[in-house]
Amino acid sequence: VEQGRSCVFLTSTRNSKQMEAGRVNGTIQYCAHTNCCAGFFKLIRGQPVAELQGCNPVVGDCPDNACFTSTTNYNYITCVCNSNLCNGNITWNPEEKQPQLKHSSYFVDMVSATVVVIGMLLCTLVVAVKCRHRFRGYEEKQHLSLPEIVGRGHSASVWQGSYQGNTVAVKVFPSWCRREFTAEREVYGLPHLVNSGIAHFLGAGRKSDSGECVVVLELASCGSLSSFLSRNTSDWTTTLNLALSLSEGLAYLHSDFYRHGVHKPAVAHRDLSSNNVLVREDGTCALCDFGCSTILRSCSGPQSWQRYMGNIQGRVQVGTLCYMAPELLDGCVNLTSGWCLIQGDVYALGMLLWEMLMRCSDLFTGCLVSDHRLPYEEELGASPSLEQLIIHVSERRERPSVPKHWEKGLHDVLLDCWDHDSDARLTAQCARDRLVSLPPCCSI
Ligand SMILES: Nc1ncnc2c1ncn2[C@@H]1O[C@H](COP(=O)(O)OP(=O)(O)OP(=O)(O)O)[C@@H](O)[C@H]1O
């Protein structure tokens, strides 16, 4: 887990002073000595082009959260700021002649460029699809390089794209899903929200032509957890790797701390499901889709979450039904209590762990591993109604069936995540610690 500030990193040469400012991983620099990110941009034909981005190598203050630019001389602008990756999203107004320049759209332009490229690829797709109808059978030999849609949710579609030479995922929100976009961008933009268990955020912007908003993320090559589990069974090591990274990501999301004087508030995800967890090439999980999330800004620990009566956006039940805790299903929970929302996430974590474990071949030696199923799918079918779930989960207190031969410790992690009594549930951090202390696979 990286500590401290992380900044967008770019340098055309291996500038030694910049390299000393912190460890570099791809397009991110983790600052060793500072809380400030900086960007240095050359104006080429009136447009800022990044020359150097990273942790600020110069000791100094950076009071602003966002990267407001100021001119250094006629041809250059610079900015410093104090939130994670803030130097990737400068504000720039070419009309502004004052030294204190505001509202640049450099980054938005970069994103727009990505979207334009995707748009062009989409046109290619449309043409290709037309051709496919016209020349049936022809496309097989052509190996057409088509843009790939990697997923679709209720509010957005997710495309594979290219940004600064990296392959990325571009989540495109139609203009009527502004609320989801704003909520998601707000969570990804929180200070210190960089963790290996959370999808890596690269930026956000808006297309000037259509008004569609985009969020740029790392591309998780194995897709959603749901599609990963549908395609694969896993051995114990792989399953544990998935389970640990997921619970670590959730524990980090729920954590509330100050670092370098900057507050990382707890965040309740509120829509955990195997469609909203991604799987990377290395078999680790990353949380995504924060469109329903709630930032518990005013708190510093569970006790204040309990009393939290702040401005929770959309105080309505949200989430995917079969992952919803009994108290959320029957609506007898105070949705303004941050703690309740956190406990709801832990119930969903229990469901996700169950889904993973049910596809672990080492837990079913000598028998066939069943196909991937959603929680309660076996009992209630693939899309149970709210009423069915209230009766099954809340009134009858049923839970997904756990094979009797599984080791007690494993059983208990699940039971303690999805306990009917929300106060008795584990925290995500405890679930993670319990998973770490499980005996090796052979004794399970
Ligand atoms: N970074 C990514 N890398 C690879 N695939 C992704 C990525 N982000 C999203 N996806 C795919 O796109 C799907 C939809 O993404 P996401 O859940 O973020 O959209 P949504 O519209 O907010 O969904 P929901 O219906 O839950 O509101 C995911 O289930 C996943 O399959």
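Start by selecting Arg-434: with a relative accessible area of 30%, this side chain is partly exposed. Keep in mind as you click around that the model is predicted.

Arg-434 and Asp-416 form a salt bridge, and their closest N and O atoms sit 2.8 Å apart. Colour by secondary structure and you'll see that this pair links distant parts of the chain: Asp-416 belongs to helix 12 (residues 408-417), Arg-434 to helix 13 (residues 428-436), and the two are 18 residues apart.

Next, pick Arg-432 and Asp-433. Here is another salt bridge, with 2.9 Å between the closest N and O atoms. How exposed are the two partners? Arg-432 is partly exposed, at a relative accessible area of 24%, and Asp-433 is partly exposed too, at 34%.

While you're on salt bridges, jump over to Lys-171, Glu-184 and Asp-289 and show them together. Salt bridges with shared partners join these three residues into one network.

Then move to Arg-373 and Glu-378. Glu-378 counts as exposed because its relative accessibility is 62%, over the 50% cut-off. Arg-373, by contrast, is partly exposed, with a relative accessible area of 31%.

Definitions and conventions. Residues numbered from 1 in each chain as written. Predicted model: local features only at pLDDT ≥ 70, side-chain atom pairs only at ≥ 80, totals over all residues. Heavy atoms only, no water. Buried < 20%, exposed > 50% of the residue type's maximum accessible area, 1.4 Å probe, protein only. Salt bridge = Lys/Arg side-chain N within 4 Å of Asp/Glu carboxyl O. Helix = DSSP H or I, 4+ residues; strand = E, 2+ residues; numbered from the N terminus.
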